[in-house]
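My entries follow in the order I made them.

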Amino acid sequence: MRLISEPAIPVKIQKMKERVRWRHSSIIQRGIDQTSMVIDDGKDDTPDFSFLVIGDSGTKSHYGHHPQREVTELMLAHQDDCRFVLHTGDVIYVVGSHEYYPANFIEPYREFLVGGENPKNIAYDRMIFNLPFLPVLGNHDYYDVPFVYRWLTGSTLRLRRMLRYKDFEIGWHGSNQGDAYARAFLDYLASFAAPEELNHHLDQYYTGKTDTGRCLRYIPGEFTRVPNRYYSFRYGGIDFFALDSNTFNMPSPLPTTQAGEIYRQELQKRRQEIDREEEQILAMSDRLNPDNPADAEQLDDLSAKLDQINEVKIDIEKQLSSQQSATIDFEQLEWLRDRLIESWHTSEVRGRILFFHHPPYVTEATKWSQAQTLAVRHRLRWVLEQVKENLGSLVQNRPIVDLIFNGHAHCLEYLRTADTGYADSHIPCIISGGSGRRPRRQRVEGTELLETFSGLPGSPTRKVAESLLYVGRSGYGSQTRLPYSCVRVDIKDGFPPKFIVRPLVAERVEQKWYQHEMEPLLL
């Protein structure tokens, strides 16, 4: 039985537009840009500032310990020094349901919320942050649960116990096509039924000024909503671009050639193999007792493997179901292209940072070769190539963007792209996806990422990126090390700016926790 469903890309786009009343007449009349915002904290023009980055965090405690809360403790030590928190997606596991916001978000991050001393009194769709919390959508924030599964699991407790190997952060609801995330974080303009209510709200909170017109004002402690599923803001002379990679990660269609047909058959064979692997893991799980500490640790390890298997299945299914023309969110990609060009032509902008969920470059064991990874890489490259062509000599020797943050891979990783032959060359990339969900291992194939010219196995290759730091699951049995993480980023004055990335790690070893800060990365 398939436990997770995902809406099609056109559905994701349309539903999110409806929720923010995209280009409503009242919005157009006021000259409001629904993809921009300003952080109204009185400090946004300071060139020296710091912020935190987390991702893939929204999960429950694991057999008596709570990794997400351990990472929060790391963050709290830096709360007073940082201006905001970026979240790289997968805010709530497993299917983005509003049922799990209280336990998987509000409770662990209570110190960052107004009224956090009484977290049970905070509704998930009424959260106000005292420190700006700026998320993007992860794939789990869009997932849903098929009705038949809700009916079965809701009807018999016995079946729930039989399926205990599945992560039961799946209840009666899914995300409702991303609606829970939208109600939690977006300015949900669809909630205003009367025109006068909408107009009053726009006149009260859309008074910020940008190069593109009026925009939303994000006011810590008072009004803490982001305007759209993708958006931008400027802080300390740095332009930040938050993207929804869930709408441009569809794999390209398989070629209608002999090589394409062979690859399709290989995918189908791999699908059968991982089905058998899953059955073996389930059989092992049935023999373990979660009330026994030793068995609980092993169950956690097996659950991590099942997580990976499910993700591989989804990626294979995306490839096999991809039509002759994959759906691509060109509206968002063209928006990014135009805003990057505008950013480069704005003299007070010192640098540019992108953050989104799916990493274009990664060496985590299950993500590095996924079709979705390659799709995001190629679509981002398409954007950057157009920006480079437009800017000409203005770029000189700098990359188009100074830094990229991602999640999706459950690890902390620092990579740098090589000379790819395209405009995505020499870009530092930080994956901060180890903030709560089970950490993943690095691939055994090594730290250098190679790319095939045609996208099919056996084609000529070139080096496109290299991993310079990887913090993830290692060791086996009682020697297993489980590092959970976030990063602090310090941006220094100057043109171009200097970035100091400080990895913060909470590691579980032999059922004990150890916290430490790694050597900073100077970018």
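The model is a predicted one, and I counted 2 cavities of 30 Å³ or more in it. I listed the lining of the largest cavity as N139, Y143, E311, I314, K367, Q370, Q372 and H408.

I then followed Y143, one of those lining residues. I placed Y143 in the loop between β4 (133-135) and α5 (147-155). Is Y143 buried or exposed? I noted a relative accessibility of 4%, so Y143 counts as buried. Which residues does Y143 touch, leaving aside its neighbours within four places in sequence? I read off I4, S5, E6, V94, V95, G174, S175 and I314. For S175 I also looked up the C-alpha separation from Y143, which is 5.8 Å, although the two are 32 residues apart along the chain. I314, another contact of Y143, also lines the largest cavity.

Next I turned to open space. The largest pocket holds about 1,400 Å³. I found 50 residues lining that pocket, with Y263, D315, S369, Q370 and A371 closest to its centre. Q370 is also on my list for the largest cavity. The elements giving two or more residues to the pocket lining are α9 (258-286), α10 (293-321), α12 (371-391), β13 (448-452) and β14 (461-471). I noted that α10 gives the most, with 9 residues.

I moved on to nonpolar packing. The largest nonpolar core has 82 residues, and F51, Y101, F105, F233 and F240 have the most contacts inside it. Strand β15 (residues 481-492) gives the most to this core, with 6 residues. Apart from this core I found another, of 35 residues, including F241, L354, V362 and V383.

I took F240 as an example of the largest core. Beyond four places in sequence, F240 touches F49, F51, F84, L86, Y231, S232, F233, Y235, I353, F355 and I491. F51 and F233, two of these contacts, are themselves among the residues with the most contacts inside the core.

I checked helix α3 (residues 67-76) for burial. Why is α3 largely enclosed by the rest of the structure? I count 7 of its 10 residues as buried, so the helix is largely enclosed. The buried residues of α3 are P67, Q68, R69, V71, T72, L74 and M75. I found them packed against β2 (49-54), β3 (85-87), α4 (101-106), β15, β16 (498-509) and β17 (512-517).

I searched the whole structure for disulfides and found 0. For C411, the nearest cysteine sulfur is that of C429, 12 Å away. C411 is buried, with a relative accessible area of 1%.

Last, I looked up the confidence. The mean pLDDT of the chain is 89, and 90% of its residues reach 70 or more. Where does pLDDT stay under 50? I found this over residues 148-167, for which the model has 34 contacts beyond four places in sequence.

Terms used: Residues are numbered from 1 along each chain as its sequence is written. This is a predicted model: local features need pLDDT of at least 70, side-chain atom pairs count only at pLDDT 80 or more; totals for chains, interfaces and linings use all residues. Side-chain values use heavy atoms; hydrogens and water are left out. pLDDT is the predictor's confidence in each residue, from 0 to 100. Contact means heavy atoms within 4.5 Å. A disulfide is a pair of cysteine sulfur atoms within 2.5 Å. Buried means under 20% relative accessible area, exposed over 50%, partly exposed in between (1.4 Å probe, protein chains only). A nonpolar core is a set of buried Ala, Val, Leu, Ile, Met, Phe, Trp, Tyr and Cys residues joined through side-chain atoms within 4.5 Å. Helices (H or I, at least four residues) and strands (E, at least two) are DSSP runs, numbered from the N terminus. On a 1 Å grid over the protein atoms alone, a cavity is a set of points where a 1.4 Å probe fits but cannot get out, and a pocket is an open set with protein on both sides within 12 Å along at least five of seven lines; lining residues have an atom within 4 Å of a point. Grid points are joined across faces, edges and corners, and a volume is the space filled by probe spheres set on the points.
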